[in-house]
Amino acid sequence: MINQRPYLIETLTAIGLILAPFILPYLGFAPNTVNRILVWGLFGLGFDILFGFTGLLSFGQSALYGTGGFVAAYLLTRTGFPHVVTALFIGMVAAAVVGYLVGLIALRRTGIYFAMITVAIAEVFYFVEFNPLAHWTGGENGLPGVPSPSFDLGFTKVTFTSGWSLYGFLAFWYFIGIVIGLRIMRSPVGAVFRAIRDNPLRAAAVGHNIHSYKLTAFVIAAAYAGFAGGLLGVMQAFMPPDAFMFQTSADLIMMTAIGGTGTLFGPLVGASIWLFLQDFLQAALGLGAAWKLVLGVIFVLLVCFLRRGIVGGLQDLYGWLSGRRAATEAKLREGVPLPVSASVPTAADNLAMPAQRGVPAHHDGPILQASGLTKRYGGIVANSDIDFVVQHGELRGVIGPNGAGKSTFFKMLTCEVPPSAGKIVFEGSDITGRNVTDVCQLGLTKSYQVNQLFSRLTVRENVIIAVLAELRGKFRLDLFRKIDRVPGMTEQVERTLAMVNLAGRADVPVSELAYGEKRRLEIGLALANSPSLLLLDEPLAGMSPQERVETVKLLKSIAHGRTMIVIDHDMDALFELAERITVLQEGRVLVEGTPEEIKANPAVQEAYLGGMDEVAA
């Protein structure tokens, strides 16, 4: 996430844009084709932030593209507005406002439902442009007569008309667009976008307001689309009605997929291939309308064999040639251990660990108190009338067989699911009915029974996501702030990595971790934002005996001075860790007590421990 060579990409982009007019003509690119590529590349920049980085596939970008373009064109052709660049920005703002309103509707759903809503919205905009608003948009005739941009420098007047003359104007705005895009993706907001793409559930669970961040990405994409739409009208001296067509959105998606999603430059590369082949197949080979068939076949081949697109494939090739992946694979084949931290931290290391959040000064009662907690799913009762109290600094264990309602109980405590009845009080505040993001911000976090990690990011980047939620709050628009400039972030990330024994694996992708390392990272994400109450859902699940021993040591080390609730099926480990044990049976509390009391309880022996004393005898 943190660029180790600041401004290198921007510098290379500027050099490439300067050299393009001198090189591309020799490769068969006509100036108008290059200009179209720049417009599509800028259009795709916003879409890549939305889809490639945030994971939101929108088929409605044509609506925003057309909105920005027609607002700017209307000002320049019908009202006599004299300033081309100002009109472009007004069109961009109009598209961003429309994008905000559309996002409020579309983002109420996720996945395929979100995509289908954007399809419907695009069709509505197309209909409105051709019918109710035809007087302002020109209907099927569009808006001709869009003027060329010109600047009066006092001693001379510079006008950008067409061809290579207009290229400089378009290249300048593409460069500004790529600089802004890079700054956004290097910012904390960009980091949260990636987290939402990989695992929106966990992004919310560590304390980020994912709906607001999704809406932000949607508005950013709308602003890019609106500005690119305005440039389309300037480039053609005519704002075409097909800007609103669904085909425009489809072409954008295909170009981005060909070039590579999540790269920012993918749309530009994809547009270059798409538009060059379109001209070549139609003009040089005389295929006419059949060019779409050939391009379709090429698209399928590229998607099948280069799933990350051209730019993504080049990134993979660079990684392979640099020997990073080859060296890792060789070590794994030869059985050479990869670098890890020296040892699991002990209690003596506690001062170096992320501190838990302070308890409100006015609160001196239990840290957590649940009363009458019940959860029904139709006619099925998962939990019934549970009373549960945890004191500050306590390490509480929760046991019970499969189906006892332990995980549902945890989900209610962290507000992932609302209780059907009952009340939850955390640090003196009633949190019943609040969402998981809000309670995480209050200091109550949880690790998951099944790992919920950001699998396309590195170990360090995973921890950064969690730390940012504490240091910045659940939503903040620091779009142009460098991520390493967040006060206290680097230190807290390093302490967390050391705490879970992953400092030596910090820059390794999560997908390359061993299972035990992933479980430690799962705990690290829950612990990274300094919770005052930490819930661990089966932290030892699926581990080998050696991994269990090491993880128990880890849990002992982080338990000092912390309040923790642990669910696990490893009775021996839990009896060793916990001060008090709560036993659940069929969604109800069967008994509570110290580990010794639980072991000696006849009902527990019969129901859960299989007559432990008799077996021991």
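In this predicted model, four strands make up an open sheet whose order is S6-S5-S8-S9 and whose pairing is antiparallel. Strand S6 (380-390) and strand S9 (429-430) form the edges of this sheet, and because each has a single partner strand, one side of each is left without a neighbour in the sheet. Between strand S5 (residues 368-377) and S6 there are seven bridges in the antiparallel sense, and Tyr377 is found opposite Ile380 in S6. Against this sheet packs helix H16 (residues 406-413), which touches S5, S6 and strand S8 (421-426) and whose direction makes about 120 degrees with that of S5.

A second open sheet contains six strands in the order S10-S11-S12-S7-S13-S14, with mixed pairing. Its edge strands, S10 (444-447) and S14 (588-593), each pair on one side only, and neighbouring strands of the sheet are turned by 20 degrees against each other on average, direction ignored. Strand S13 (residues 580-585) runs antiparallel to S14 and is joined to S14 by five bridges; Gln585 has Arg588, in S14, as its bridge partner. Helix H21 (residues 545-559) lies across strand S7 (395-399), strand S11 (533-537) and strand S12 (563-567), at about 155 degrees to S12.

As for confidence, the protein chain has a mean pLDDT of 88, with 90% of its residues reaching 70 or more.

Where pLDDT is low, predicted coordinates should not be read in detail.

Terms used
Residues numbered from 1 in each chain as written. Predicted model: local features only at pLDDT ≥ 70, side-chain atom pairs only at ≥ 80, totals over all residues. Heavy atoms only, no water. pLDDT = per-residue confidence, 0-100. Pairing = 2+ DSSP bridges. Helix = DSSP H or I, 4+ residues; strand = E, 2+ residues; numbered from the N terminus. Axes fitted to C-alpha atoms, helices over the stretch in contact; angles between N-to-C directions. Contact = heavy atoms within 4.5 Å.
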